[in-house]
Amino acid sequence: MVSPLRCARSGAALTHQIPQKTRAATLPVVFRRYLNEDVRITRTGKPILTVSGGRSSLGGYTATVFGATGFLGRYIVNRLARQGCTVVIPFREEMAKRHLKVTGDLGRVIFMEMDLRNTASIEESVRHSDIVYNLIGRDYPTKNFTLEDVHVEGTERIVEAVAKYDIDRFVHVSSHNADKNSPSEFYRTKGLGEEVVRSIYPETTIVRPGPMFGFEDRLLNRLASPSNVITSNWMQEKLWPVHAPDVGMALERMLHDDTTAAETFELYGPKGYTMAEISDIVSKEVFHKRRHVNIPKRLMKPIAHYMNKYIWWPVGSADEVEREFIDHTVDPKAKTFEDLGITPVTLESKVFEYLKGYRSEAYYDLPPMTEREKREEKKYLHVLDDQ
């Protein structure tokens with residue numbers, strides 16, 4: 001008999017190789033050795049057929065990722081799909097999802113059209129899943145959705161669907177500085193969203209990532225862009241930026257670690273900066289100094305409000321101006337990367353990779369600064385500082 005090409009259990013192929021006469025005597029041993037190792041009982045008692053992993057694996061978890069078409073979504077979808085998980089991706093815009101199709105093997109990535117105000121479409125997206133991730137968020141209000149529509153009401157519909165179908169795990173991605181009493185509408189609605197998910201589904205894992213950097217981010221790319229010329233707080237906002245793939249790795253670890261249920265995680269980078277310091281790092285990497293014009297908050301907020309209202313492309317909002325005056329704070333009671341066994345990378349170690357495209361043709365082929373050059377630069381800066 002020909003052995004199967006791909007097996008859901010590591011011992012399945014072995015049973016086909018046993019001769020017919022001896023199979024009866026050895027079959028119980030095979031099942032005790034392999035079958036029990038392949039079945040995992042989740043926190044709620046649901047059996048999951050686990051596999052060794054790999055892009056073409058069969059079996060494993062089914063995960064629904066809301067907001068997968070955003071910046072962070074591609075990292076968690078890629079990590080889940082390449083280990084054989086079935087990933088359900090609810091989407092709203094047809095063209096926004098196409099890059100996710102290649103993250104997994106055929107049939108591993110499933111797309112379902114969804115509307116955040118349509119409860120039936122949300123329920124259809126989660127009903128067969130073992131874990132649900134909610135990554136949906138919006139930095140600025142639009143003509144169709146306010147921040148409260150997205151972060152509070154939309155989150156409430158998702159978590160109600162999770163509770164209705166008794167999904168084993170729910171991971172809600174919030175934001176740093178999430179606080180229902182914050183002067184920023186973004187942070188306030190994120191804090192209210194956390195209250196909603198915990199009141200409906202107490203076992204929710206809440207994740208608060210810091211400002212993320214990576215390809216197509218809104219931190220390094222914004223600072224390197226020639227259009228970034230206006231600020232309101234002299235770029236003195238303090239941040240702990242975190243690498244987006246590190247956050248994706250943390251979300252993947254939560255799938256396999258049931259002890260993370262009902263916990264809150266603050267995921268931030270190993271080093272803090274002011275926005276001015278990050279801007280200096282960006283300027284050195286692209287070999288071009290970006291100059292900024294400071295406009296007082298009382299003038300910039302109404303200007304940004306009307307620009308966001310009447311200009312169709314993203315140009316900032318009044319709440320983004322407000323956030324410039326709120327430093328990144330960390331909840332000391334929350335868990336961190338250390339509790340997941342992850343060491344986050346620093347911003348300096350990745351800035352060359354993400355900003356090389358902003359260099360002019362004169363500097364494009366220059367390699368990143370060596371450690372010796374960094375030490376020499378620090379030495380001379382230190383001498384100048386002492387004078």
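I looked up what covers the buried residues of helix H3: the cover includes strand S3 (62-66), strand S4 (86-91), strand S5 (109-113), strand S6 (131-134) and helix H8 (244-256). Contact here means heavy atoms within 4.5 Å. Helices (H or I, at least four residues) and strands (E, at least two) are DSSP runs, numbered from the N terminus.

I noted the source. This is a predicted model, where local features need pLDDT of at least 70, side-chain atom pairs count only at pLDDT 80 or more, and totals for chains, interfaces and linings use all residues. Residues are numbered from 1 along each chain as its sequence is written, and side-chain values use heavy atoms, without hydrogens and water.

Next I listed the buried residues of H3. They are Gly73, Tyr75, Ile76, Val77, Arg79, Leu80 and Ala81. Buried means under 20% relative accessible area, exposed over 50%, partly exposed in between (1.4 Å probe, protein chains only). H3 spans residues 73-81, and seven of its nine residues are buried, so the rest of the structure largely encloses this helix.

Then I turned to Glu153. I found Glu153 in helix H5 (residues 147-164). Glu153 counts as partly exposed because its relative accessibility is 32%.

Last, I checked the whole protein chain. I count 13 helices and 15 strands in its secondary structure. The chain has 387 residues, and 45% of them count as buried. Of the contacts between residues at least 6 apart in sequence, 73% join residues at least 24 apart. I put the accessible surface at about 20600 Å², with 53% belonging to carbon and sulfur atoms; the areas come from the Shrake-Rupley method with a 1.4 Å probe, and for residues only the protein chains shown count as cover.
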